[in-house]
There are 2 protein chains.
Amino acid sequence: MIILGIDPGSNITGFGVINVELGETVLMDSGVIRASKVGEDHQLRLKQIYDSVCELIGIHHPDLCAIEMPIFGNNPQSMLKLGRAQATAMLAALNHQIPVTEYTPKEVKKAVTGNGNASKEQVRYMVETILSMEGGSSVTMDASDALAVALCHVHRGGSTQKAHSKNWAAFIKENPDRIK
Amino acid sequence: MIILGIDPGSNITGFGVINVELGETVLMDSGVIRASKVGEDHQLRLKQIYDSVCELIGIHHPDLCAIEMPIFGNNPQSMLKLGRAQATAMLAALNHQIPVTEYTPKEVKKAVTGNGNASKEQVRYMVETILSMEGGSSVTMDASDALAVALCHVHRGGSTQKAHSKNWAAFIKENPDRIK
């Protein structure tokens, strides 16, 4: 099973792709989508995140997308931007009929390090260890967070059965007149 | 020019379609997308908004999409949900190469009623008057708000030249390696 992990952000969206087969977990790809490169225009930023995630899906053909989804925060304006980035990454997967599972930052940290309050450095250290990556700073924090989300899904014994896309297909069938 | 006006919300998204030709503004369609019908699953809700907006685009072939985009609020969790709904409606248009223009609630009210602090009832009254609709409550508040956004675009002398999709096309051309 190929899992695409995503850590969405309005400036930088981390991604990580792993392949889980016969108990072996192998790193396939990781990196970041820098929405800030297109400037302050938030339409361009969202379109860039969307198209980049679609591109990754086209390259790696993931069976599932695991997304880190913070739902709490104090700054309303930051949450508005975060919500836009979350929806964008999610829709890119759902529009390719790829099921999406969501994990909170705490769940991800707990699954990878055993501690729900672990630091980003601790998460990266464990990600590099689990995936037998070269030590040091071979992977950025954002990419490491995204790989951690993908690993979290494996750790929690996740399958593609949590798929929401199937629910959606059923909903469409049952509700041909969705727009009133 | 056909304009699709949208007032995105995590529960109810209003829409309104108008046709502006030779100074005449004609109502083509209006209504609401009830995301709440699919229950509490926010993935299904976003997918429903996305697919419904795509469906409207397929039916009416708008030249432009005008979206009401509140960017201020006090409740971080509400803003997260609003951000998701905004991005979803926006992406549905951008993915169809339809330029998107955004207006704040104040801009919309001012354009339609002359008063940036007008009530929803006043907005609806003016929308019904401008579009020669039957009086009373022939249109819901959410649909009326969406029609008001579309009318706001006309009132402000908007054209499709504000298009962001063209910027995006240029950006893709200039940055073939967007994912690093």
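Q: What share of the contacts in chain A with a separation of 6 or more comes from residues 24 or more positions apart?
A: Such residues account for 59% of them. A contact means heavy atoms within 4.5 Å. This is a predicted model: local features need pLDDT of at least 70, side-chain atom pairs count only at pLDDT 80 or more, and totals for chains, interfaces and linings use all residues. Residues are numbered from 1 along each chain as its sequence is written, chains are lettered from A and ligands numbered from 1 in the order in which they are written, and side-chain values use heavy atoms, without hydrogens and water.

Q: What makes the relation of chain B to chain A that of a two-fold axis?
A: Chain B is superposed on chain A by a rotation of 180 degrees, with 0.0 Å of shift along the axis and an RMSD of 0.0 Å. That is how a two-fold axis relates two copies.

Q: How do you know that the copies meet through the same surface?
A: Of the interface residues of chain B, 100% are also interface residues in chain A, so the surface is the same. Each side brings 48 residues to the contact.

Q: Why is the pair Arg45(A) and Glu40(A) called a salt bridge?
A: The term asks for a side-chain nitrogen of Lys or Arg within 4 Å of a carboxyl oxygen of Asp or Glu. Here the closest N and O atoms are 3.5 Å apart. The pair therefore qualifies. Side chains of opposite charge can pair when their charged atoms come close.

Q: What makes Arg156(A) and Glu107(A) a link between distant parts of the chain?
A: Their closest N and O atoms are 3.1 Å apart, and they form a salt bridge. Yet the two are 49 residues apart in the chain. Glu107(A) lies in helix α3, residues 105-113. Arg156(A) lies in the loop between α5 (141-155) and α6 (165-174). Helices are DSSP runs (H or I, at least four residues), numbered from the N terminus.

Q: Why are Arg156(A) and Glu107(A) called partly exposed?
A: Arg156(A) has a relative accessible area of 42%. Glu107(A) has 24%. Both values therefore fall in the partly exposed range.

Conventions: Copies are superposed by least squares on the C-alpha atoms of residues with pLDDT of at least 70 in both. Buried means under 20% relative accessible area, exposed over 50%, partly exposed in between (1.4 Å probe, protein chains only).
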